[in-house]
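Biologist: Can you walk me through this model? I have a few quick questions.

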Amino acid sequence: MRGVIGRYPSSDGNGEVGGANGIIKHNRKCRDVVFLVFFIAFWIAMIVNSSFGFNQGNPLRLNFGLDYKGNVCGGKHKDFNLHELELKYYVNPNQVYQSGLKNSGVKLSNARTICLLDCPIPSEDSLNWVCDYPEGDIRISLDDWIDMNYDYFADLTPELRNTSLQLQGPCYPVIFPSVNVYWTCQFIDRPSNVSLTHWKQMNGVTIDDDMVIDKSIHNSINARSSVLKRYVADVGKSWPVLIVCGGLLPLFLSLLWLLMIRHFVTAMPWVTVFFFNGLIISVTMFYYLKAGWIGDDAISPIIGEHDPYYHVSAREQHHIRAAAFLMTCVMIVAVLSSIAVVRRILMATSVLKVAAKVVGEVHALIIFPVVPYLILAVFYMFWLSAALNLFSSGQIARNDCNTNCCAYDLKAKRVSCEDCCGYSIHYTTHIAASILFHLFGCYWATQFIIACSSTVIAGSVASYYWARGESSTTIPVLPVFSSMKLLMRYSLGSVAIGSLIVSFVESTRFILEAVRRRLKAADIIPESWIKRMMFHTSRFCLKCIELTVKSVNRNAYIMVAITGKGFFKASETATDLIISNILRIGKVNVIGDVILFLGKLCVSLASALFAFLMLDTHKYKSSHNKITSPLFPVLVCWGLGYVVATLFFAVVEMSIDTIILSYCQDADEHQGTAHYAPPLLIETFDEQNEVQRIAQ
């Protein structure tokens, strides 16, 4: 193979091959401009898409329901300020009962609902009522209505009392006790005998008290769309946890790890493996706590005080238990794998010495990741806010139904049978496409910023190597800023296409995995062993393609930083160089990458652990701010911690890869002897070769 890196004349005119200026600053020009234009157009589309969410969305819809006027509980509206009235209550028990019957044609979404401060309780010696919002001839304020426990039945005219006894309003009897389950009052199928007796004495219509009445509301609360909305709302409510555990904590831990790898490189692989095992066991135990398998701190769908003997099942409970089981499997595999890695710790230590020496010479490398970190932080705050609005966007409109029901209209002063259908949030395929586009945009933007950071680091390390390390005067005074300038001026398009390829492959794998789960749920997985084998082989192949693309991209960014070539040409060059030196760099790189991966997991697991601790405080267990499950906030903190760790650990990761590729090319061009490698680097590689011989 011919040299591809070092064969450029230096800028000093003496004809010497190499040198930092000759290698890094040779005859560059803008590359992959078309993809840069496409990336800019994509960002414009992201802004337009987010604007749609901000205009149409209302995050309150993710938690709270709608009343009989189409108002969102807990919000401020033109006619009524429902800021404190967050609970949705079904006023007509017969409508709830009918919606639970098969082939009845009545849907729960059309049952009459109202927003209340708390769930009504049947009286022990009389009959309580819940009346519509005061308007028309009802001359009381909303605050007085709340103070009266929503009951102004005693002030009604005989005509309105009669319509109320027919379950046509404006007042409705409280017959069933109810409990606050995720901001909806769910009936308990234990009707109050006292209330029923008073109701019958007043000649009220028959009220059905079958157990169907609580199942209908329960099924609505646990619908998949409702659960997904609550999970998204949990992320919005726990934003302080995301800032601390997803942003500040991983920043501190990543900087601490870099400083320790700089000064205690020999001990760090052992420390990393030890903390990894401790953290993954601790996180798994927290999942067991929240699942209720250890202790008595399990999550509950019931909000506020309630009868301890009354239990309600919820999808969130099943999901946290499934997560606990999955974490157990992951923990066992991870601990066994880390034990297997211990035998190769010496090899990893030798590899990490290379990066530690580079970081020690190019001091700005430790601080540089703060720049992409701040950019990502601003982006994530904007993205999360837009995501909450997109998920809650939709048009509130009256349902189209044929329900035979009537209700008294206080403003019209008559019983109306025309506007009896309830309100729902109607979603369109456009909203689903907007959400998917928004999710893809987050992944691409993240990959783009990480790729930019990696390319800058690679350029800085390459400047160090090809300038003969510390002995050269041609190394730039601030190599990091010089590398940033080259990236911004020439190579943004190359980074854009590389990050797009990774995002596309990841998204395709995610979509195919979602399709596989749906096929499995529908019980239509291929039956023959040949088809099943092909089915699972395709999944394995796609995962391999994903890992290969990521590896190729990482080395392509190094070549982009060093040679200034376009992405595809740089990928080809890097691949040829790796293949021709596979025996030299194989063992050296794999073990080092494993230790770095464990280090990233340590940071992200610590973020998840502290997220569990913060979410276990009273603030996130109280009625208003309560999160339904720590699952999503913890996973988001875990993911954010991993992204932050990736930014900072790229200093070590890219340093190793850049040094190894440069060393291999240097040795190939000079008959097996690296000409530009600093003495300390040559000494480290000699130690590495000795370690490999011992290990064999």
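Biologist: Where is V91 found?

Modeller: V91 sits in the loop between β1 and α3 (93–99). Helices (H or I, at least four residues) and strands (E, at least two) are DSSP runs, numbered from the N terminus. Keep in mind that this is a predicted model: local features need pLDDT of at least 70, side-chain atom pairs count only at pLDDT 80 or more, and totals for chains, interfaces and linings use all residues. Residues are numbered from 1 along each chain as its sequence is written, and side-chain values use heavy atoms, with hydrogens and water left out.

Biologist: Is V91 buried or exposed?

Modeller: V91 is buried, because its relative accessibility is 2%. Buried means under 20% relative accessible area, exposed over 50%, partly exposed in between (1.4 Å probe, protein chains only).

Biologist: What separation do the C-alpha atoms of V91 and T113 have?

Modeller: 5.8 Å, with V91 and T113 22 residues apart along the chain.

Biologist: Switching to aromatics. How many aromatic pairs does the structure hold?

Modeller: It holds 32 aromatic pairs. One of them joins W257 and F649, stacked at 4.3 Å centre to centre with 20 degrees between the planes. This pair links distant parts of the chain: W257 is in helix α9 (residues 239–263) and F649 in helix α20 (residues 631–669), 392 residues apart. Rings of Phe, Tyr and Trp (its six-membered ring) pair if their centres lie within 6.5 Å; planes under 30 degrees apart count as stacked, over 60 as edge-to-face and the rest as tilted.

Biologist: Are W257 and F649 buried or exposed?

Modeller: W257 counts as buried at 9% relative accessibility. F649 is buried too, with a relative accessible area of 0%.

Biologist: Which residues form the aromatic cluster?

Modeller: Among them are F38, F39, F42, W43, F379 and Y380. The cluster also includes F437, F440, W444 and F448.

Biologist: Now backbone. What phi does D32 have?

Modeller: D32 has a positive phi of about 50 degrees, although it is not a glycine. Most residues other than glycine have a negative phi. D32 lies in the loop between α1 (20–24) and α2. At 18% relative accessibility, D32 counts as buried.

Biologist: And what about the phi of Y150?

Modeller: Y150 also has a positive phi, about 65 degrees, and is not a glycine. Y150 is in the loop between α4 (142–147) and α5 (158–165). Y150 is buried, because its relative accessible area is 3%.
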